Amino acid sequence: MKRLYCEFFIGVAVLFFLSIVSYIYVTEELTPDYVEIVEINQVHSVISILDKVAHDLGQHRADEWFVQYAEENQLSIVAYSWESPELSAEIIDSLKQRRIYCDDMYSYFVVYGDGRQIYSIAPDLSKPIWEQIDFDDTLLWVFFYTTFAIYSALMLKILSRRFRVLEQTTLAFAEGDFAVRASEKPGDRLGSLNSSFNQMADKISALITSHKQLTNAVAHELRTPVFRVQCQLEMLEDLGLTPDQLNYAVGIHDDMAELELMIEELLYFAKMDRAVIPLNLTSPYMSEWLDKLVTNCQKETDIPITVNYQHEERASVDVYQLTRAVSNIVRNASRYAEQGIDVSVFRSDHELHIQVDDDGIGIPDTERERILEPFYRVGTARDRESGGHGLGLAIVAQIMARHQGRIEIGSSESGGARFTLIVPQALATDESSAGSL
Ligand code: ADP
């Protein structure tokens, strides 16, 4: 923010400086300096009067008038002879031709009367008026730059507020709130950025909605033919099959069962996504619930599963959904673990942590975010062996979001995967705030 402010301020100041330089160049170099012409004419008139006075009343009287003129105008006088080395040839030439040479603002070399001496008149810097003029000039610049600084700060405040609002909208959209849109009110928008974002958001959410509808419809439509194939297969078996044919029939049964499971997962995922399954919150004792869950999972694998509790904990959870989430994680672990799986339950900052460690191949850092996406699987060869569909963790992430919790993925001490499901012990009562992924 500070950097942005400095850039903005320096930009305005440099622009202003350049415009002043251009102005001076145009008014003084490209066109005659009219102020200087007027000033020269005025001093010239004074010289003419002094000539007349010298002629009528004598040089002495003209000198007195000249001194009086200098005093009244707060100027100092210095006399030079024509041979003075301090005077350049340009000054001498100008004095010979026009009897006046303009050195700077209010500074002149003049000759009058008998012309024996050259006088320089210049601001008498011991007089306070010149200091005052100098101070006023400086004050002008101070005013300019203070105005720029205030302007820059104000502009930046306005812009940064608008940027922040737009940033929050984009973040909310990125986190899955596809209904959020950027305000297009004149006081909120950043050029056409807000309306461009809204157009993009409309297109993306329409695309996602149609994609979800398609997946849901396909899953629904598949259920009936799967059921019919299963029925017909059973009827075929009842007709009496040869041992070879029976082997094929068993294979078809297995494949159909897998397809059915995938459809069931897909439909559950779609339901969770639309948040149509209500949260049925209770406060079970974790040890009781988890022991039952692990006993069930242990029936499906030979890899030993151990459970550790620091203390007896309770949390406000939907037991059915959390069972599904933890079972998914434990089943995944049992596919990859070599020697054992550890499930630990502990509390930290009013949050309940359910941590599942295995000693398998682990999950590379770069894949940890992505495996929560539906249908994403790490290495195709390895995953083909493990036989999943890539929906399990996506469902777990949805269940966690509905519990206002989260899922963390890391490495276990043995180098395998560590999945930690974290839920607040007391869920905020407004369940709608949980949202969906
Ligand atoms: P799947 O049904 O394919 O297992 P998941 O969503 O449950 O789908 O998991 C996504 C991917 O995450 C898996 O295909 C696998 O590559 C990886 N994964 C999940 N759990 C583990 C684990 N314990 N160890 C190693 N990789 C895992």
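Reader: Taking helices (H or I, at least four residues) and strands (E, at least two) as DSSP runs numbered from the N terminus, how much of residues 157-209 is helix and how much is strand?

Author: Over residues 157-209 the chain is 66% helix and 0% strand. The end C-alpha atoms of that span are 37 Å apart. This is a predicted model, in which local features need pLDDT of at least 70 and side-chain atom pairs count only at pLDDT 80 or more, while totals for chains, interfaces and linings use all residues. Residues are numbered from 1 along each chain as its sequence is written.

Reader: What does UniProt place at residues 157-209?

Author: UniProt gives the feature "domain: HAMP" there, from an unreviewed entry. UniProt positions follow the numbering used here, feature names are shortened, and annotations may be inferred rather than shown by experiment.

Reader: Which residues does UniProt list for "transmembrane region"?

Author: The unreviewed entry lists residues 7-26 and 139-159. In the model, residues 7-26 are 100% helix and 0% strand, with end C-alpha atoms 28 Å apart. Residues 139-159 are also 100% helix and 0% strand, and their end C-alpha atoms lie 30 Å apart.

Reader: Turning to packing, at what angle do H7 and H11 meet?

Author: Helix H7 (residues 243-273) and helix H11 (residues 392-402) pack at about 25°, with their axes 10 Å apart. Axes are lines fitted to C-alpha atoms, for helices over the stretch in contact, and angles run from 0 to 180 degrees between N-to-C directions. H7 and H11 are therefore roughly parallel to each other (under 35 degrees; over 145 is roughly antiparallel, 65 to 115 roughly perpendicular and the rest oblique). The crossing is left-handed, meaning that the near helix is turned anticlockwise from the far one by less than a right angle, whereas clockwise is right-handed.

Reader: Which residues make the contact of H7 and H11?

Author: From H7 they are Glu265, Tyr268, Phe269, Met272 and Asp273, and from H11 they are Ala394, Ile395, Gln398 and Ile399 (two residues are in contact if their C-beta atoms, placed from the backbone, lie within 7 Å).

Reader: Is H11 enclosed or open?

Author: H11 is largely enclosed by the rest of the structure, because 10 of its 11 residues are buried. A residue is buried if 20 or more other C-beta atoms lie within 10 Å of its own, exposed if 12 or fewer, and partly exposed in between, with C-beta atoms placed from the backbone. The buried residues include Gly392, Leu393 and Arg402. They pack against H7, H9, strand E10 (406-411) and strand E11 (417-424). Just after H11, Gln404 takes a positive phi of about 60°.

Reader: How do H8 and H9 cross?

Author: The axes of helix H8 (residues 286-298) and helix H9 (residues 319-336) come within 10 Å and cross at roughly 45°. H8 and H9 are therefore oblique to each other, and the crossing is right-handed. On the H8 side the contact involves Trp289, Leu293 and Cys297, which meet H9 residues including Val319, Val326 and Arg331.

Reader: What about H4, and where is Arg99 found?

Author: Helix H4 (residues 89-98) is hardly covered, as the count of buried residues among its 10 residues is 0. Arg99 lies in the loop between H4 and strand E2 (100-104). Its phi is positive, about 65°, although Arg99 is not a glycine. Arg99 is partly exposed, with 18 other C-beta atoms within 10 Å.

Reader: Is Phe375 buried or exposed?

Author: Phe375 counts as exposed, with 11 C-beta neighbours inside 10 Å. Phe375 sits in the loop between strand E9 (351-358) and helix H10 (380-386), and has a positive phi of about 70° although it is not a glycine.
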